[in-house]
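Please open the model in your viewer and keep the selection tool at hand.

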Amino acid sequence: MIVRMKRILILLTIATFLAGCNSKKANTDAPANFITVSILPQKTFVEKIAGNDFVVNVLIPPGTSPAAYTLLPSQMEEISKSSIWFRIGYIGFEQSWKDKIEQANTKMKVVDLSEGLDLIAKEKVQQGDHIQYIGADPHIWLSPVLVKEMAGRILKELSELNPNQSVKYKTNYLEFIKEIDQVNIEIANKLKPFAGKKIIVFHPSLSYFARDFGLLQYSLESGGKEPTPQRMKDLVDLAKNEGIKVMYIQGELDRDQATVFAEEVGGKIIQVRPLDPAWAENLMEMANIIVDNF
């Protein structure tokens, strides 16, 4: 009986040891590098190039507004593990939390994907060899032209972070560029007959999309502030004069003001999803929606 018990204990010890080895091996095989991004479309861009080589931590979860989101303690822990934070540039959340995010991980590289891009802004001031943007529009990810430039920057950073996979990343990047070009061509052809047409949005999230494809965007909200009665009147008058019956709005925004507008013009509200992670499909869907409502 004693001999049998000793054998059982030996077998249990061996099993525990092997389980520990397997656990260590699993941890070794798991992605060693964490990357932080601000919004969901950026996660898509990183994964298009790197595949599953990195754990991508998204700071702003689905259904929340980038203008006013507050980080959770668990997210600060994820930031502390990250090698890089890819900023989008000018969203209110980043402006408010930038210092705290950087303090949570002083070794983390911060990469602003808006740097060097042709931004839409209230004012552009030349300072030496660079331009300072005042009141810059942050929605750069809705422009295929700008996403191509951002993809190049992401490729460079990922290749430096994991040089052993740089060839794979370059191959994936070239495939992603083909996808971007195809989306750009298809949307341009779809919207070409409507060049110069006006669209009305609640929040000015389609500025770069409109610029890329020859549309004119008018927004009820400006600078993150509640629309004034005068602004409401101006847009209602514009809609009536132009025969516009639609206001486009993001799902996470308050619809009360948009509802008032729709009632005034005898029109409707249509939801768009600027932060949808299915980037290419979402841009195509937005183009189709806009065409269908001209």
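Partly exposed is the class between buried (under 20% relative accessible area) and exposed (over 50%), with a 1.4 Å probe and protein chains only. This is a predicted model, where local features need pLDDT of at least 70 and side-chain atom pairs count only at pLDDT 80 or more, while totals for chains, interfaces and linings use all residues. Residues are numbered from 1 along each chain as its sequence is written, and side-chain values use heavy atoms, leaving out hydrogens and water.

Start with the whole protein. Of its 294 residues, 41% count as buried. Colour by secondary structure: there are 10 helices and 10 strands, taken as DSSP runs (helices H or I, at least four residues; strands E, at least two) and numbered from the N terminus.

Next, the charged pairs. A salt bridge here is a side-chain nitrogen of Lys or Arg within 4 Å of a carboxyl oxygen of Asp or Glu. The whole structure has 18 of them.

Select aspartate 118 and arginine 211, whose side chains form a salt bridge at 3.6 Å, N to O. Aspartate 118 sits in the loop between strand 4 (109-112) and strand 5 (121-127) and arginine 211 in helix 7 (residues 207-212), so the pair ties together parts 93 residues apart in sequence.

Move to helix 6 (residues 166-191), which holds both glutamate 175 and lysine 178, three residues apart. Their closest N and O atoms are 3.5 Å apart in a salt bridge. Glutamate 175 is partly exposed at 47% relative accessible area, and lysine 178 is exposed at 55%.

Finish at lysine 156 and glutamate 160, bridged at 3.1 Å, N to O. Glutamate 160 is partly exposed, at 47%.
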